[in-house]
Amino acid sequence: MLRRLLTMPPRLEALQRLGTVSLCLRPATRPSPPNFLPVIQTASLSMREKKRNAKQDPYKWAQAQQRKNANLKRREELQKQRDEAWGDPVWGKTTPFLESLDSAGQESVSEVPRDPSGNLLAEPHELPTSPGLRNHFLTDAELDDAAKHAYALTKPMVGVVESQMDSTTEEERNKLHEQKHHKALEALRRITSLRNGSARDRYHANVRRIIDEFGRHKTDKFLAPKPESIMPNTTPMPGRAGPDTGSSEVQIAILTAKIRALAKALEINRGNKDKHNKRNLRLLLHRRQKLLAYMERKERGSERWTHMLEKLGLTPATWKGQIEL
């Protein structure tokens, strides 16, 4: 045995793998990574592993699936609430004041859809009205004053010569005058009625309603002002000389009326082909977005800000983020 060991050739070390042999003669700048790294499973369980776990403990597997489904359902509800709170950049939220803009405050109840049989599909609700407004920038009071003045000017006055030539009595002349005046007054009421006016006439009436609703010459009387600044401006401001038409909330409300009318027009009669008015709608939305962003910086948290949002149904989508149509 000893003779065999002495006659055997010496044992050489095993050659390394060719992939680990480095032929570079320069010194290494950093140590090379180990050849064998521990295997770490980072992927999710395969379907085979899931089935095997389910077979081992089906009750535990059913509980896990139940928790997962409840979590997914809750996530869907939260996402739906976020989407509703974010709103639509064009329509926002529908409010009674916005619905009254369609008729310029002439309809007392909202319009609801009907089925083919004519039955109401929803319950109508009351809308704010402005019954005193008329077309051509008139009001009921102005029309009544003009009618009284015209009645006095057209009242028949019979002279001595005319009384001898005309055989009708004074009572008959007054009766004929009453009939003509009533007919002329009825014609004036129909001509100046907003129900018979165009979209432009309703827009002008809505501008007057918006000024009366959001103008600071009226809202300052019942809305509390925002807290004063640490360094208030001591320069006295001049008083208002008339109705407020230039404040941010008035301009935002006027733009909202324009946007609503234009969006309703684009929904009918192949409005998706009207690229010109689509661009006009986008410009109106961006203009309103700038005014809302400015007013948020100046009046956020004040009663002016909350009053405007509640009346016009504005949501964060109308002034936050990129508006795309």
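Helices (H or I, at least four residues) and strands (E, at least two) are DSSP runs, numbered from the N terminus. The model is predicted: local features need pLDDT of at least 70, side-chain atom pairs count only at pLDDT 80 or more, and totals for chains, interfaces and linings use all residues. Residues are numbered from 1 along each chain as its sequence is written, and side-chain values use heavy atoms, with hydrogens and water left out.

**Figure 1. Overview of the helices.** The protein has 12 helices and zero strands. Of its 325 residues, 25% are buried, where buried means under 20% relative accessible area, exposed over 50% and partly exposed in between (1.4 Å probe, protein chains only). Among contacts (heavy atoms within 4.5 Å) with a separation of 6 or more, 69% join residues 24 or more positions apart.

**Figure 2. The loop position G197.** G197 sits in the loop between α7 (170-191) and α8. With a relative accessibility of 17%, G197 counts as buried. Leaving out residues up to four places away in sequence, G197 touches N135 and R202. G197 and N135 are 62 residues apart along the chain, and their C-alpha atoms are separated by 6.9 Å.

**Figure 3. The largest nonpolar core.** A nonpolar core is a set of buried Ala, Val, Leu, Ile, Met, Phe, Trp, Tyr and Cys residues joined through side-chain atoms within 4.5 Å. The largest one has 20 residues, of which I210, M308 and L312 touch the most other members. At least two residues of this core come from each of α4 (96-100), α8 (199-214), α10 (248-266), α11 (275-299) and α12 (303-312). Helix α10 supplies the largest share, five residues. Another core, of 10 residues, lies apart from this one and includes I259, L262, L285 and I323. In soluble globular proteins, nonpolar side chains tend to be buried together.

Figure 4. H307 lies in helix α12 and is buried, with a relative accessible area of 15%. Beyond residues up to four places away in sequence, H307 touches E213, F214 and L223. From C-alpha to C-alpha, H307 and L223 are 8.6 Å apart in space, and 84 residues separate them in sequence.

**Figure 5. Two aromatic pairs.** Rings of Phe, Tyr and Trp (its six-membered ring) pair if their centres lie within 6.5 Å; planes under 30 degrees apart count as stacked, over 60 as edge-to-face and the rest as tilted. By this rule there are two aromatic pairs. The ring centres of F97 and F214 are 5.7 Å apart and the planes stand at 85°, so this pair is edge-to-face. The pair links distant parts of the chain, with F97 in helix α4 and F214 in helix α8, 117 residues apart. F97 is buried at 5% relative accessibility, and F214 is buried at 1%. The pair of W305 and W319 is edge-to-face, with 5.3 Å from centre to centre and 80° between the planes. W305 belongs to helix α12 and W319 to the segment after α12, so the pair ties together parts that are 14 residues apart in sequence. Both W305 and W319 are buried.

Figure 6. On a 1 Å grid over the protein atoms alone, a cavity is a set of points where a 1.4 Å probe fits but cannot get out, and lining residues have an atom within 4 Å of a point. Grid points are joined across faces, edges and corners, and a volume is the space filled by probe spheres set on the points. The structure holds one cavity of 30 Å³ or more, and the largest cavity has a volume of about 60 Å³. Its lining consists of V90, W91, G92, L98, T256, R260, R288, L312, G313, L314 and T318. By class, five of the lining residues are nonpolar, four polar and two charged; Ala, Val, Leu, Ile, Met, Phe, Trp, Tyr, Cys and Pro count as nonpolar, Asp, Glu, Lys and Arg as charged, and the others, Gly among them, as polar.

Figure 7. Most residues other than glycine have a negative phi. H136, which is not a glycine, has a positive phi of about 60° and lies in the loop between α4 and α5 (140-153). N269 also has a positive phi, near 55°. N269 is placed in the loop between α10 and α11 and counts as exposed, at 73% relative accessibility.

Definitions and conventions:
On a 1 Å grid over the protein atoms alone, a cavity is a set of points where a 1.4 Å probe fits but cannot get out, and a pocket is an open set with protein on both sides within 12 Å along at least five of seven lines; lining residues have an atom within 4 Å of a point.
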